[in-house]
Amino acid sequence: QQLYKRIQTSADSEYTVLIRGASGTGKELCARAIHALSKRAKKPFVMVNCPAIPEHLLESELFGYRKGAFTGAERDHAGLFFQANGGTICLDEIGDIPVSVQTKLLRVLQEQEIKQLGAATSTKIDVRIIASTNADLESKITAGEFREDLYYRLEVLTLRMPSLSEIPEDIPLLADHFLRKARRELDSGEKRFSPQALET
């Protein structure tokens, strides 16, 4: 309930949000909830799985490029930040992005502007940034793998997603939810977990 209240508080603001938590704790759902409850709800929500984009393509995918910027750039490409203009972009697993891209992302946070590859000038944008990570960013800063100034720009509002080990009382609720979902998919009859199964 405290987390839900913090999600609503985060949605009511325009601040950057950093969502932290282990894999599978619902960081993407949290980001989507913040957007859906915000005044940007009717604008685009762009989810970016940073590790899924090859390092050499991440910059051009995020910020876009102009025709002729590099070999193979046969037409202008807006980029994911421009696609999210007016709305929200969620940078999932931000702890895994290379330092070179971190530097450009810092500029976006500071200046609210994008410079596409091959462009002579920067362009102002209006995008709310939500970042998520399961990484120990503090350790990455110490190791020189994550910019400290970017960390402080991202950590304006921080939400921590609890793991099931911290909220074991939720396990029966989740188990019942997935059982009902499986019953619908399989078109099977009534089924319930025994008390013994739930205890284990």
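The model is predicted, so local features need pLDDT of at least 70 and side-chain atom pairs count only at pLDDT 80 or more, while totals for chains, interfaces and linings use all residues. Residues are numbered from 1 along each chain as its sequence is written, and side-chain values use heavy atoms, with hydrogens and water left out.

**Exercise 1.** Determine which residues of helix α2 are buried, and what covers them.

*Solution.* Begin with the element itself: helices (H or I, at least four residues) and strands (E, at least two) are DSSP runs, numbered from the N terminus, and α2 spans residues 27-37. Next, apply the accessibility classes, in which buried means under 20% relative accessible area, exposed over 50%, and partly exposed in between, with a 1.4 Å probe and protein chains only. The buried residues in α2 are Lys-27, Cys-30, Ala-31, Ile-34 and His-35. Seen down the axis of α2, these residues fall within an arc of 135°, so they line one face of the helix; the arc is that of the directions from the helix axis to the C-beta atoms. Leu-29 and Ala-36, on the other side of α2, are exposed. Finally, list the contacts (heavy atoms within 4.5 Å): the cover over the buried residues includes α1 (2-12) and the strands β1 (17-20), β2 (45-49), β3 (88-92), β6 (128-133) and β7 (157-160).

**Exercise 2.** Find the aromatic pairs of the whole structure and classify the geometry of each.

*Solution.* Rings of Phe, Tyr and Trp (its six-membered ring) pair if their centres lie within 6.5 Å; planes under 30 degrees apart count as stacked, over 60 as edge-to-face and the rest as tilted. The search finds two pairs. The ring centres of Phe-63 and Phe-81 are 5.6 Å apart and their planes are at 20°, so this pair is stacked. The pair links distant parts of the chain, with Phe-63 in helix α3 (residues 55-63) and Phe-81 in helix α4 (residues 80-83), 18 residues apart, and both phenylalanines are buried. Tyr-151 and Tyr-152 form an edge-to-face pair, 5.2 Å centre to centre with 70° between the planes; Tyr-151 is buried at 6% relative accessible area, whereas Tyr-152 counts as exposed at 52%.
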